[in-house]
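Here are a few notes to go with the model. Keep the 3D view open while you read, and take the points one at a time.

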Amino acid sequence: MKFDGQLALVTGASRGIGAATAVALAKEGAHVIITARSSEGLEKIEEQIHEAGGNATIAPLDLTDGDSIGRLAAAISERWEALDIFVLNAAMLGSLGPVAGIDGKEFNSVLTLNLIAQQALIAGFDPMLRKSTNARLLAISSSVARSPRAFWGAYASSKAALENLVLSYGEEVRNLGKVRTATIDPIRTRTDMRAKAYPGEDPMTLKTPDVVADRLVEILASDFETGEHFVLS
């Protein structure tokens, strides 16, 4: 198994890419900690993992609650010494519309989850990542982070900032240990977020989250260079 004996943490793991990635990592031997707001959704994924012979720990929490991330990091560090795999997947789309018409309250929510919470996660688990002999951090991004698109300004700006944040962290720890970071553009995947953004699209024309998860497993098992950006065709 590729990740036998390793500890992984996947956010937004109750459905879609996060759920599929958690199951795929568990199948390869990792003990996977799965987080999301939905306890029911996490329990279903935990059951899938156990049925596949893997091991998981569920941690229901709202990442926009500033104190919840610190509590999670403290609880996990009491039980495990190092974090080997960290997949930052949780995000929200928000409403699509012109930049001049962005609702400030909703924009704040998008930035809180897609960016501010991600920084808090990195900060909270930085000590455990540094204790790993081969830590890998992957952040799920989007094509709009690098190719601006009309009416996507709010979501796109949050993802562009996330990429910069993650890659900056990678440069900071490049020579301090074995932490490597990368960003992922999954492209055209059959998720609830995609359905919300493109309500008229035929979902059967899109690849499933399992395909993305299998590719993420390959990337995590490889010797990728820190700072790489992967586009999954």
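1. Start with what sits over helix 3. The cover on its buried residues includes strand 1 (7–10), strand 2 (31–36), strand 3 (55–60) and helix 4 (104–131). Bear in mind that this is a predicted model.

2. Which residues of helix 3 are buried? In this helix, residues 66–79, they are Ser 68, Ile 69, Leu 72, Ala 73 and Ile 76. Looking down the axis of helix 3, you'll find its buried residues within an arc of 130 degrees, so they line one face of the helix.

3. An α-helix has 3.6 residues a turn, so residues three or four places apart point the same way.

4. Next, have a look at the loop between strand 6 (179–185) and helix 6 (192–197), where you'll find Ile 187. Its phi is near 60 degrees, a positive value in a residue other than glycine. Why flag that? Most residues other than glycine have a negative phi.

5. Arg 188 also belongs to the loop between strand 6 and helix 6. Arg 188 isn't a glycine either, yet it has a positive phi of about 30 degrees.

6. For scale, buried means under 20% and exposed means over 50%.

Technical notes
Residues are numbered from 1 along each chain as its sequence is written. This is a predicted model: local features need pLDDT of at least 70, side-chain atom pairs count only at pLDDT 80 or more; totals for chains, interfaces and linings use all residues. Side-chain values use heavy atoms; hydrogens and water are left out. Helices (H or I, at least four residues) and strands (E, at least two) are DSSP runs, numbered from the N terminus. Buried means under 20% relative accessible area, exposed over 50%, partly exposed in between (1.4 Å probe, protein chains only). The arc is that of the directions from the helix axis to the C-beta atoms. Contact means heavy atoms within 4.5 Å.
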